[in-house]
Amino acid sequence: MKYRANPARLSGSIAPLITPFTDEGALDSPSLQRLVDWQINAGSHGLSIGGSTSEPSSQTVDERIRAIEVVAEAIDDRVPFIAGTGSAKLDETLALTAAAHRAGADAALVITPYYARPTQQALYEWYSRIASEFPDLPIILYNVPSRTAVELSPLTVARLHRDVANVVGIKETTKDFEHFSRVIDAADDGLLVWSGIELLCLPLLALGGIGYISATANIAPRASARMYECWMAGDHDEARRIHYALHPLVDLLFVETNPTTAKWVLETEGRISSAHVRPPLVETTTEGVSRISQLLTEADALMTLEREIR
């Protein structure tokens, strides 16, 4: 928890880990521990688990808590750790956030409650209640309307940031780049913003974003981290080169529902023991494998560098 007191240090490429399962569908803790070490060795600036890429809706609260504990122990304060603790139910969200707090997470990433489609006032009260229960834990709002069917408005984000001391920022996962700009403009300069949209990671830095929590880092952590480092060092040409080089891998991630294809790549690369996904997802189809193979060929130079990291 050494980064908890200074959320601005949760910057750069934060890898949103997949949750590896065995072929039988149980949590694969050894594979998860190996992923943590690989990500840190590859240069990821921080790690997260429990967001959309982790298949949280197919897990019990106890399973999600165990994954948080495994990651926190494996990280051992080497890099920042953001735990995804949101749910559609308040009691589950509070239980998960409490577990993340105990495990030493540096911040909690809390998704908007899905399916219910709450109003902006309801969202304000939801986040205010959660944050008030853990006043010393930074809370990061998580806006992903394609998954939840509700969007946090820029004014609601600004209001929460102004009124609730430990609401420190937001992960924006919307392809509406105008929304990013309006969120940053509506809030004061202290709001921390991460992109969750792969091809908006680099553009967000130009608006003052602190970094990104991008699924691409699951298969290309070295390049994802390097893109941020180049931008911050003023080497914008190299940052843009990496951004465009990542295009085939971004396409690969969404050949089928994320994280299905990422798990296929990680198993093929020997990073995890199984590509198993839980229902309602299914493992990568034959057609999907064919398309993934084409995209990996397009990104071969980049992937060759990723394979050097163990």
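Which residues in α12 are buried? I will come back to that after the overall picture. Please keep in mind that this is a predicted model.

First, the whole protein. The protein has 14 helices and eight strands. For a chain of 310 residues, a compact globule would have a radius of gyration near 19 Å, and the value here is 18 Å, which agrees. Along the principal axes, the C-alpha atoms fill a box of roughly 50 × 45 × 35 Å. Of the 310 residues, 60% are buried. If we take the contacts with a separation of 6 or more, 71% of them come from residues 24 or more positions apart.

Next, the surface and the charges. The accessible surface comes to about 12,500 Å², and carbon and sulfur atoms hold 51% of that. The protein has 27 positive and 40 negative charges, and their mean positions are 1 Å apart.

Now the strands. In general, strands of a sheet pair through backbone hydrogen bonds, and the pairing is either parallel or antiparallel. Here, eight strands close into a barrel, in the order β1-β2-β3-β4-β5-β6-β7-β8, with parallel pairing.

The buried residues of α12 are Thr260, Thr261, Ala262, Lys263, Trp264, Val265 and Leu266. That is seven of the nine residues of the helix, which spans 260–268, so α12 is largely enclosed by the rest of the structure. What do these buried residues pack against? Their partners are α1 (29–42), α11 (247–253), α13 (286–298) and α14 (300–306). Just after α12 comes Gly270, with a positive phi of about 80 degrees.

Tyr114 sits between β4 (107–111) and α4 (120–133). Is Tyr114 buried or partly exposed? The cut-off for buried is under 20% relative accessible area, and exposed means over 50%. Tyr114 has 26%, so Tyr114 counts as partly exposed. Leaving aside residues up to four places away in sequence, Tyr114 touches Ser87, Ala88, Arg147 and Thr148. Ala149 lies 35 residues from Tyr114 along the chain, yet their C-alpha atoms are separated by 6.5 Å.

That is the end of my part.

Technical notes: Residues numbered from 1 in each chain as written. Predicted model: local features only at pLDDT ≥ 70, side-chain atom pairs only at ≥ 80, totals over all residues. Heavy atoms only, no water. Helix = DSSP H or I, 4+ residues; strand = E, 2+ residues; numbered from the N terminus. Rg over C-alpha atoms; globule rule 2.2 N^0.38 Å. Buried < 20%, exposed > 50% of the residue type's maximum accessible area, 1.4 Å probe, protein only. Contact = heavy atoms within 4.5 Å. Areas by Shrake-Rupley, 256 points an atom, 1.4 Å probe, with all protein chains shown as cover. Lys, Arg positive; Asp, Glu negative; His and termini not counted. Charge placed at Lys NZ, Arg CZ, Asp CG, Glu CD. Pairing = 2+ DSSP bridges.
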